[in-house]
There are 2 protein chains.
Amino acid sequence: MRPSHLLRGLCLAAGLLLAPLTARAEDGYDLWLRYKPLPEAMRGEPRIVGQPPASGSPTLSLAYGELRRGLDGLNPDEPGLDAPSIRLVTPSQSDTIAAFKLSMEGLGGEGYLIRTVQGGRLTVIAANTDVGVLYGVFHYLRLMQTGASVERLDVRSAPKVRYRLLNHWDNLDRSVERGYSGQSIWDWWRLPDVKDPRYADYARANASIGINGAVLNNVNAKSDSLTAPYIAKAAALADTFRPYGIKVYLSARFSSPIEIGGLKTADPLDPAVRAFWKTKADEIYKAIPDFGGFLVKANSEGQPGPQDYGRTHADGANMLAQAVGPHGGIVMWRAFVYSHEQPDDRAKQGYSEFKPFDGEFAENVIVQVKNGAIDFQPREPFHPLFGAMPKTNLGMEFQITKEYLGFSTHLAYLGPMWEEVLKADTFSAGRGSTVARVVDGKLHGYSRTLMAGVANIGTDRNWSGSQFDQANWYAFGRLAWDPEASAEAIARDWAAMTFTPDKRFTGPAAAMMMGSREAVVDYMTPMGLHHLMGRSHHYGPGPWVAGGERADWTSVYYHKADKAGIGFDRTAKGSDAVGQYAPLAAATFSDLSKIDEKDLLWFHHLSWDYRTRSGRPLWDELVSRYSRGVRRVGEMRATWTSLAPYVDPERHGEVATYLAIQRREAQWWRDASVAYFQSINGLPLPKGEAPPPLTLEAYEAMTFPYAPGI
Amino acid sequence: MRPSHLLRGLCLAAGLLLAPLTARAEDGYDLWLRYKPLPEAMRGEPRIVGQPPASGSPTLSLAYGELRRGLDGLNPDEPGLDAPSIRLVTPSQSDTIAAFKLSMEGLGGEGYLIRTVQGGRLTVIAANTDVGVLYGVFHYLRLMQTGASVERLDVRSAPKVRYRLLNHWDNLDRSVERGYSGQSIWDWWRLPDVKDPRYADYARANASIGINGAVLNNVNAKSDSLTAPYIAKAAALADTFRPYGIKVYLSARFSSPIEIGGLKTADPLDPAVRAFWKTKADEIYKAIPDFGGFLVKANSEGQPGPQDYGRTHADGANMLAQAVGPHGGIVMWRAFVYSHEQPDDRAKQGYSEFKPFDGEFAENVIVQVKNGAIDFQPREPFHPLFGAMPKTNLGMEFQITKEYLGFSTHLAYLGPMWEEVLKADTFSAGRGSTVARVVDGKLHGYSRTLMAGVANIGTDRNWSGSQFDQANWYAFGRLAWDPEASAEAIARDWAAMTFTPDKRFTGPAAAMMMGSREAVVDYMTPMGLHHLMGRSHHYGPGPWVAGGERADWTSVYYHKADKAGIGFDRTAKGSDAVGQYAPLAAATFSDLSKIDEKDLLWFHHLSWDYRTRSGRPLWDELVSRYSRGVRRVGEMRATWTSLAPYVDPERHGEVATYLAIQRREAQWWRDASVAYFQSINGLPLPKGEAPPPLTLEAYEAMTFPYAPGI
């Protein structure tokens, strides 16, 4: 036994005695960056790391510190004097670059390479910038955390998307719209003086997955966020984030010139309005020199916008773009709009309003498009704008927070959902014109590329409301870096880093994750159904929701179920939403013999006895899918129970409790939905299907006045 | 060196290497129960603790666990085989009680004794109940934590007040009225399934200071809190709290029979209403067999109550008391009322409405009275009801959360404020009729005694929004146990337990704490001024607040400043509020030569040139006190800076940041107040006093739309 082993042995013994002092219950705060000691067999030889250069930037210090922290944690063995080493390299060390013939081309400002040289004795992590080095360090540590060998490395990686942003729908009173993880982590009241240590932990977690920007406030914005006190608060956050390569952005309320500028109008062509925004941008950049830019929700759900003055979205976006452009800022203009007049099909509206303006948006504008045309449903076909605006930078908006997928208490890994959309073929420039290639800019040669995720982060100790919802934050970052990455590989990485790299755990855990979203689709909205949730809070089943302010806020508008059939006819005979897609895509969606049944009722209204591919009539198939969803949650519970040996009791217990809630609520979704549709079609249940235990009236009577996130 | 010392030395060395793995930044979560190793000189001989009896209750297990945890932490030295031992004793161990002639009389159901016997070789902690033993364990550990000797102990302690309760003004949507520490720690949405580990930590902290009950929801209550789903949620909390000796109580909305009972009335004399409450109480007790009872805010600030039906407070309270009485429950009926008609002096209203009904309240009703007659101001004379209702159980309501004392960012230790009230002499049964003796029931022979504190607890990692606000939670518990305890001694204990028992720290820290509340009084509301804060949110100065819904919600109503003078004449020539006090108290308050100048303008309207005891005219004295408050905060900052060597950098830095905010805001209070009063009296500033840097209009124009706690 080496002396260091002896020492460890003694300390281990002492540690047992002292355990109550130091043991902290696992609460999930450490996310996927736990750096607990690897099993001996996975550790490999410990490595030596040099000191950071005295003249190094804060970012470089962070990179060294992270590497040291990770190595010490993952492999507490003491390195010998002749142990292999790791060196962090930036272009200032040109001798190292030359000596090992490192090719820095193509790495850009954020990419990195990791290469083992000198016969395995030295691994260099090199980049053109300090933040590139930091990203490389996180990559290196991820390899260790997932049990991969780090003996012989030759890795090159650079992000395919330039702007990889979280969108926080966080209000200034610290509530979070559609937030299920506690309050906003931005403690606006105590900022800028008080900088919660959590801000740096947040930035570090984001940097570890390549996220490089954060929109701090809700798209349903208040003008106050652009006043001097709030700019100072945002600047304090920017100062904390900067070393981690993260820029701050703000949602801008379009009517701010009236509310805080003392003007009578917010008309984007009014010179005083343009002057207001220019002055405001200058003021912000004075406080935050690397301010990222504005995100705008305009003329949607009651928000003000250029159409209030008879102007176009392009007029509005370009005016703001001109204000931030000289400082290098961008404007993200959301395509999620709906007019005051209710359309024949809300699914068509984004396309209808934006497509005509292709080519009219300034070069530093990105139109931010949700993955689907309605609103973050458990499943939606890809948004028809993707592929349809070759002359306009389009960015992707995903929702990480699970507004429509069971809040934080249902386990639903969103990787497969996002992958499904990214891999979808728009056919807009021939076969292979995937959404991913639109978003990464290659298909149309976009000058700016963006992937935005609506954050699921809050003050809950575990950040995301549940342990497994951390995986959605993680997967978003990884997919923003590489939209063609595999959701399953990401799930395995996350499971290994968050719990254990033991394959007896990661295999079943990743499989459970990969199936989880489909289970939610099954028990909530199978076969292309959508928008069937409770009114306003969006929690639980509400297929009966009808009436009220707008037809397109009801469920009946979307499922159109009657005695004869169910589904939204979006073919040419119906709303012709299908006509917004490229012909080849449209043909597939329109053709009942070709369409994937997962999208069936999104595009077609069919009779209840329509024969599905299973051979069963539509009604029977629907019910069987509802029941399958419930069953699958039961299987997830069994899987999780079997994984107890690999997980600390605290987190295992928490996940088990949540799965019990999910199982109960999956049953509720199935039962209430079946009860409702049966009340419409009067059909008997398929053989073997249990009748709902309550009356439809009982399901309809349930109210949730204090649901979170509204 | 003993082997155990050698081992520790080695581990210490190894620990340094491993520090990044295990070191958690100090965030305040551990409160005053940190159990960090004592300095060697304070440790004494390590002690042996036996195993808990296999048949012991959960409470007894907790007591053993806590003792073990505390001893291991405070004194990590390994006890020898012949080390002195500690034994926990309940009446079931009658042999031990007999052997050491332990007198268990007078300890009641919650008291304990701690005695060292066998020539110092054995210390027994004995009580009549398991929770008494738990309290004794916390007492023993507190002695160690504060550096007191535990070699020869002979301690007896029993609570002087029976119901020692936190009142949470927590809403079902998780917001907290007047909460400045994040959200409610009750995660109603996920309850009852998910039991946040924090619930047990909360219960443990309360048990450590003798708190034995918690009202879970806001006094401005929703009826939903009494529906089956919320009863189940409360029951889950009760299950967690029970082993810690803590009972759950609920605020009850008086109109619940209408809102959730389907009745047309909530008239307390209506048989259907009485049946509703009886059935509701039975339902609650079925789920929570040791449910504590109801807290009611009725006919106050818009809340419904018996007066809506022409009934009295006693009618309402007694009806509820009859519903919970058979189960052993109580009703706490708040005396904080105001009528729809605006009175000549709001300070008189509580007394006017309750005094006539003395003797009419049921035996299991406690009328809960705020410390002062207005509303938790930085300073108020004691409430005139104390001493005035000998035939009605009166309980004390203190506000731990600092609604009117700078929220969580101002350091104000409230111990001296509460001590001042408790030591105040009501003279109601002759000299020495202190408020403390009313509250502990001795003066009038009350059958039930109560001290309630409006909690300052939330989801902030440090529980209370700031490190030093933890001291107010702590002090409340200690004073509820013993209303005659010394606020300074409590401050010393808290400082020692929370930071270090080093007297070089605890002396200056406790002195700073003891002066802190008076500093706030000086810079906010000196010399008996009151209710001068910003409208609605109660943040920052607002002496100019006038108009609006009710005169008694304005500042001008209370200070009555004009060209000639300032102050509220409550003498016989004025509102005669003074007439509600016992003659001896009234005489002192009325007499300008006898009244303490701290209360001067509470009771008197005086000309600006009234000569104060300093010899200065009133205006000059006022301004000098405003400035003194600001100066004192500066001194607190200097003190804190000097204490850096004794405090971890994280908590020291946080407190320093908060003190900087407080210093700035103290100046703002002083400047805005001086600017306003100067605008009224037109007088020059005393020599040497700096003029406010901004115009009065500038101070008045400041708005805080997102202030917390509304």
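A residue counts as buried under 20% relative accessible area, as exposed over 50%, and as partly exposed in between (1.4 Å probe, protein chains only). The model is predicted: local features need pLDDT of at least 70, side-chain atom pairs count only at pLDDT 80 or more, and totals for chains, interfaces and linings use all residues. Residues are numbered from 1 along each chain as its sequence is written, chains are lettered from A and ligands numbered from 1 in the order in which they are written, and side-chain values use heavy atoms, with hydrogens and water left out.

Salt bridges were examined next. The criterion is a side-chain nitrogen of Lys or Arg within 4 Å of a carboxyl oxygen of Asp or Glu. By this rule, 96 salt bridges are counted over all chains. Helices (H or I, at least four residues) and strands (E, at least two) are DSSP runs, numbered from the N terminus.

In chain A, Arg632(A) pairs with Asp522(A) at 3.6 Å, N to O. Arg632(A) sits in helix α20 (residues 618-642) and Asp522(A) in helix α16 (residues 503-524), 110 residues apart. Arg632(A) is partly exposed, at 28% relative accessibility. Asp522(A) is buried, at 1%.

A second bridge in chain A joins Arg311(A) to Asp267(A), with an N to O distance of 2.8 Å. It too links distant parts of the chain, 44 residues apart: Arg311(A) lies in the loop between β9 (293-296) and α10 (313-324), Asp267(A) in the loop between α8 (256-259) and α9. Arg311(A) is partly exposed, with a relative accessible area of 28%. Asp267(A) is buried at 11%.

In chain B, Lys402(B) and Asp469(B) form a salt bridge of 2.7 Å, N to O. The loop between β12 (394-399) and α12 (415-423) carries Lys402(B), and the loop between β13 (450-454) and α14 (470-481) carries Asp469(B), 67 residues apart. Lys402(B) is buried at 2% relative accessibility. Asp469(B) is buried at 3%. A salt-bridge network links Arg174(A), Asp187(A), Arg190(A) and Asp460(B).

Axes are lines fitted to C-alpha atoms, for helices over the stretch in contact, and angles run from 0 to 180 degrees between N-to-C directions. In chain A, the axes of α7 (residues 228-241) and α9 (residues 271-287) come within 9 Å and cross at roughly 40°. Contact (heavy atoms within 4.5 Å) brings Ala228(A), Ile231(A) and Ala235(A) of α7(A) to Lys280(A), Glu283(A), Ile284(A) and Ala287(A) of α9(A).
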